[in-house]
Amino acid sequence: MSAQRVVVIGGGLAGMSAALTLADAGVEVTLLERRQRLGGLTWSFQRNDLSFDNGQHVFLRCCTAYLRFLERIGARHAVHLQPRLDIPVLSPDGTRASITRSELRAPLHLAPSLARYRHLSVADRLRLAWPALALSRLNPEDPSLDTVTFGNWLSRHGQSDVAIDRLWNLIALPTLNVQASEASLALAVKVFRTGLLDQADGGDVGWSIVPLTELHGAYAGRALGGAGVETVLGVRVQHVSEQAGGGFEVVADERSLGCDAVVVTTPPEVAQRLLPEGVLPADLGLGQSPIVNVHLVLDRPVTDLPLAAVVSSPIQFFFDRTASSGLQSGQCLSISLSAADEYIAQSSSQLVGTFFAALQALLPVARTARLVDGVVTRERAATFRATPGTAARRPGSRTSRPGLYLAGAWCDTGWPATMEGAVLSGERAARAITEDAARSTMRLEKVAP
């Protein structure tokens, strides 16, 4: 194994996970990244001496691959993980509820908070048990589930439009990045079963307490260097080609690298361009779904909540990012908007105005606050569109060409496009490489005289 050389293309979570897993197995690894930083779609930037993340990225306690990655890069202390799930849910009319877990075993651990969920009528609350129990019995790997929308399934299980909007979409939107009415039932089952129903503590929420460029850039960069990975930043890969005598050639700017195997962890449209013809279809049909974040810097604190979900408002979630931004006085709140099709083309000034007004309608104290700064970040192709039919179109780690492998949150991991899915895909690609190399060695030993 020590003689094997692998090139990993892309320095996001999938690429770094693949590179570290391979290096830990004794493989010689070179990682190529076109940006001047690591982290892919998880990054941060400076403005007026403050640090802003490009988007609010969270994980759950059930995200075991991502947590392993944090341990591996020595960054576990740089994130906060709730000791117990607690998501306050606010409304501009002053109604407040929360989604919390009790001491009861799964799947009953959420029942007490849902029974008190004041954003729904008593009748709607009573009807929650049927779909919750039904979800816990569904298998996300059942292909028939990927032909149905989650919203249609919820309606058939007695859920009103109000219940879907004020409860089910609170989880579906940030995890699937589409509304329940569009979402694949298969992916929804994965999220709700793994995150909320199978284990009582699976849905505890975590987030970075440092800027993402530090978490997924600095920490990961040091870990890659310590593992012996050659990391090359600011280099653009032109193409990957098969060599006549075996192996591959990766051409990047003025540099040509020969290797035994390649892991491509770029977005699908880039992977299609880099890989030899026929490895990927011309159109994977996965679509794109945008995410927008509106960061508001205020002259005074307006809430003591670290995060909250919001109903009956343009705001979906907000997070207190004061400490990680470096703000010394006042408060920095980041408003996260998933499935942001209606906002992606709006101007930054329009978005800041809309969401500052929405924050003032939601939090009375905010009406006395002065807006110091407003920053908008957009990811137009943040995730694939998690609609029915995507499961069959998502490729696995191995391709039709031995030695060429794929990783990325868009690949077939069973998860929607999440940090967990990205890390898991990198691990799987790395394991596929080492397994295939071991099998090849065994075949050679059998035919040797």
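**Figure 1. Cavities in the predicted model.** Two cavities of 30 Å³ or more turn up when the whole structure is searched. A cavity is a set of points, on a 1 Å grid over the protein atoms alone, where a 1.4 Å probe fits but cannot get out; lining residues have an atom within 4 Å of a point. Grid points are joined across faces, edges and corners, and a volume is the space filled by probe spheres set on the points. This is a predicted model, in which local features need pLDDT of at least 70, side-chain atom pairs count only at pLDDT 80 or more, and totals for chains, interfaces and linings use all residues. Residues are numbered from 1 along each chain as its sequence is written, and side-chain values use heavy atoms, with hydrogens and water left out.

**Figure 2. The largest cavity.** This cavity holds about 70 Å³ of space. Among its lining residues are S51, F52, D53, H295, R321 and S334. Strand 4, helix 11 (322-325) and strand 18 each give at least two residues to the lining, and strand 4 gives the most, three. Helices (H or I, at least four residues) and strands (E, at least two) are DSSP runs, numbered from the N terminus. The lining has three nonpolar, seven polar and two charged residues. Here Ala, Val, Leu, Ile, Met, Phe, Trp, Tyr, Cys and Pro count as nonpolar, Asp, Glu, Lys and Arg as charged, and the others, Gly among them, as polar.

**Figure 3. The second largest cavity.** Its space is about 40 Å³. The lining includes P395, L406, C411, D412 and R428. By class, four of the lining residues are nonpolar, four polar and two charged.

**Figure 4. The second largest pocket.** A pocket is an open set of points with protein on both sides within 12 Å along at least five of seven lines. This one contains about 450 Å³ of space. Of its 21 lining residues, L110, A111, L114, L128 and A132 lie nearest the centre. Helix 3 (111-115), helix 4 (122-126), helix 5 (129-135), helix 7 (161-176) and helix 8 (185-197) each give two or more residues to the lining. Helix 5 has the largest share, with four residues. The lining has 20 nonpolar residues, no polar ones and one charged.

Figure 5. Helix 12 (residues 348-362) has 15 residues and should span 21 Å, which agrees with the 21 Å between its end C-alpha atoms. The expected span is 1.5 Å times one less than the number of residues. Buried residues (under 20% relative accessible area, 1.4 Å probe, protein chains only) in this helix are L351, V352, F355, F356, A358, L359 and L362. They fall within an arc of 160 degrees seen down the axis, so they line one face of helix 12. The arc is that of the directions from the helix axis to the C-beta atoms. An α-helix has 3.6 residues a turn, so residues three or four places apart point the same way. The cover over the buried residues includes strand 7 (86-90), strand 15 (289-298) and strand 19 (371-383), where contact means heavy atoms within 4.5 Å.

**Figure 6. Backbone details in three loops.** Most residues other than glycine have a negative phi, and most peptide bonds are trans. A cis peptide bond, with omega about 5 degrees, joins A106 and P107; P107 sits in the loop between strand 8 (96-100) and helix 3. D49 is not a glycine, yet its phi is positive, about 70 degrees. D49 is in the loop between strand 3 (44-47) and strand 4 (50-53), and its 74% relative accessibility makes it exposed, the term for over 50%. S312, also not a glycine, has a positive phi of about 55 degrees. S312 belongs to the loop between strand 16 and strand 17 and, at 44%, is partly exposed, which lies between buried and exposed.
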